[in-house]
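User: Can you walk me through the surface of this one? Keep it quick.
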Amino acid sequence: MAPSTVAVELLSPKEKNRLRKPVVEKMRRDRINSSIEQLKLLLEQEFARHQPNSKLEKADILEMAVSYLKHSKAFAAAAGPKSLHQDYSEGYSWCLQEAVQFLTLHAASDTQRKLLY
């Protein structure tokens with residue numbers, strides 16, 4: 001049972017710290033567990049691919065997150081930096097392909113034929 005506020009006021013600072021420590025420690029553990037759970041949700045597909053039916057421990061989640069980040073960083077470095085012009089060109093090409101695919105899937109009206117040609 002928690003001490004009453006009157007009793008807490010009569011305690012020395014050292015005793016107050018001793019009472020406060022478990023509460024602070026519980027809050028810290030809750031923050032850690034919450035963050036690990038968020039990592040687990042963010043990397044859910046990665047976990048399913050590597051360990052589909054196993055129960056994940058906290059250490060497994062952290063190891064998988066580190067591995068995933070290292071892999072992602074290495075992949076990004078291998079791809080190399082893209083220029084703004086290259087990004088624009090790739091986006092434009094993708095958009096044009098999508099538009100052509102959309103127009104060819106639907107009934108060909110006169111306007112659609114003009115757009116395609």
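Analyst: Accessible areas come from the Shrake-Rupley method with a 1.4 Å probe, and for residues only the protein chains shown count as cover. The model is predicted: local features need pLDDT of at least 70, side-chain atom pairs count only at pLDDT 80 or more, and totals for chains, interfaces and linings use all residues. Numbering runs from 1 along each chain as its sequence is written, and side-chain values use heavy atoms, with hydrogens and water left out.

User: Which residues make the nonpolar surface patch?
Analyst: Y88, Y92, L96 and V100. The patch covers about 440 Å².

User: Where does Y88 lie?
Analyst: In helix α5, residues 84-105. Helices here are DSSP runs (H or I, at least four residues), numbered from the N terminus.

User: Is Y88 buried or exposed?
Analyst: Exposed, because its relative accessibility is 58%. The classes: buried is under 20% relative accessible area, exposed is over 50%, and partly exposed is in between (1.4 Å probe, protein chains only).

User: Switching to charges. How many salt bridges are there?
Analyst: The count is 3. The criterion is a side-chain nitrogen of Lys or Arg within 4 Å of a carboxyl oxygen of Asp or Glu.

User: Why would such side chains pair at all?
Analyst: Opposite charges can pair when the charged atoms come close.

User: What does E25 pair with?
Analyst: One partner is R28, with the closest N and O atoms 2.5 Å apart. E25 also bridges to R29, where the closest N and O atoms are 4.0 Å apart.

User: How are E25 and R28 placed along the helix?
Analyst: They are 3 residues apart in helix α2 (residues 13-42), so about one helical turn separates them. E25 and R29 are both in helix α2 too, 4 residues apart, about one turn of the helix.

User: And how accessible are E25, R28 and R29?
Analyst: E25 is partly exposed at 29% relative accessible area. R28 is partly exposed at 39%. R29 is partly exposed at 41%.

User: What does K26 bridge to?
Analyst: D30, with the closest N and O atoms 3.1 Å apart. Both lie in helix α2, 4 residues apart, about one turn of the helix.

User: Accessibility for K26 and D30?
Analyst: K26 is at 45% relative accessibility, so it counts as partly exposed. D30 is at 38%, so that residue counts as partly exposed.

Definitions and conventions. Patch = residues over 30% accessible without salt bridge, like charges linked within 9 Å, V, L, I, M, F, W, Y side chains within 5 Å. Helix = DSSP H or I, 4+ residues; strand = E, 2+ residues; numbered from the N terminus.
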